[in-house]
Amino acid sequence: MTWGYIAVMALVTYLIRALPLTLIHGKIQNRWVRSFLYYVPYACLSAMTFPAIFFATQSVWSAAAGVLAALVLAFFDRSLITVAAGACLAVLVVEQLLTVI
């Protein structure tokens, strides 16, 4: 029975990915559709990432501090390593402050 579920899931996943490639032959001319499809990966990544960020720490406050630090560093065009390290440092500092208080 489990193999049946896996087979159905594989078939549905394959169809979702293969049908657009086989049905759409030319370049999409509609500007609205092209713009919409351009932003889909960013929206999906954000929808998966942001909930995980806020539940990965012991406190929502430390997670918020990490997000804020990352946004500020990214706004000032810092490198990815700097943004990640700054966010981790902000989370560590806030977690330590919360254990003292």
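Is D77 buried or exposed? In this predicted model, D77 is exposed, with a relative accessible area of 69%. You will find D77 in the loop between α3 and α4, the latter being residues 80-100. The backbone here is worth a look too: phi of D77 is near 55 degrees, a positive value in a residue other than glycine. Most residues other than glycine have a negative phi.

Now let us turn to helix α1, which covers residues 2-23 and includes L15. M9 is found in helix α1 as well. L15 has 37% relative accessibility and so counts as partly exposed, since that class runs between 20% and 50%. M9, at 54%, counts as exposed because its value is over 50%.

| Residue | Relative accessibility | Class |
|---|---|---|
| L15 | 37% | partly exposed |
| M9 | 54% | exposed |
| D77 | 69% | exposed |

L15 also belongs to a nonpolar patch on the surface, together with L11, Y14, L19, L23 and I24. The accessible area of this patch is about 620 Å². As for M9, its C-alpha lies 38 Å from that of A74, and the two residues are 65 apart in sequence.

Finally, look at how two other helices meet. Helix α2 (residues 31-55) packs against helix α3 (residues 60-75) at an angle of about 130 degrees, and their axes are 7 Å apart. That angle makes α2 oblique to α3. On the α2 side, the contact is made by F50, I53 and F54; α3 contributes V60, A63, A64 and V67.

Note on methods: Residues are numbered from 1 along each chain as its sequence is written. This is a predicted model: local features need pLDDT of at least 70, side-chain atom pairs count only at pLDDT 80 or more; totals for chains, interfaces and linings use all residues. Side-chain values use heavy atoms; hydrogens and water are left out. Patches are made of residues with over 30% relative accessible area and no salt bridge: like charges are joined within 9 Å, nonpolar side chains (Val, Leu, Ile, Met, Phe, Trp, Tyr) within 5 Å. Accessible areas come from the Shrake-Rupley method with a 1.4 Å probe; for residues, only the protein chains shown count as cover. A salt bridge is a side-chain nitrogen of Lys or Arg within 4 Å of a carboxyl oxygen of Asp or Glu. Helices (H or I, at least four residues) and strands (E, at least two) are DSSP runs, numbered from the N terminus. Buried means under 20% relative accessible area, exposed over 50%, partly exposed in between (1.4 Å probe, protein chains only). Axes are lines fitted to C-alpha atoms, for helices over the stretch in contact, and angles run from 0 to 180 degrees between N-to-C directions. Angles under 35 degrees count as roughly parallel, over 145 as roughly antiparallel, 65 to 115 as roughly perpendicular and the rest as oblique. Contact means heavy atoms within 4.5 Å.
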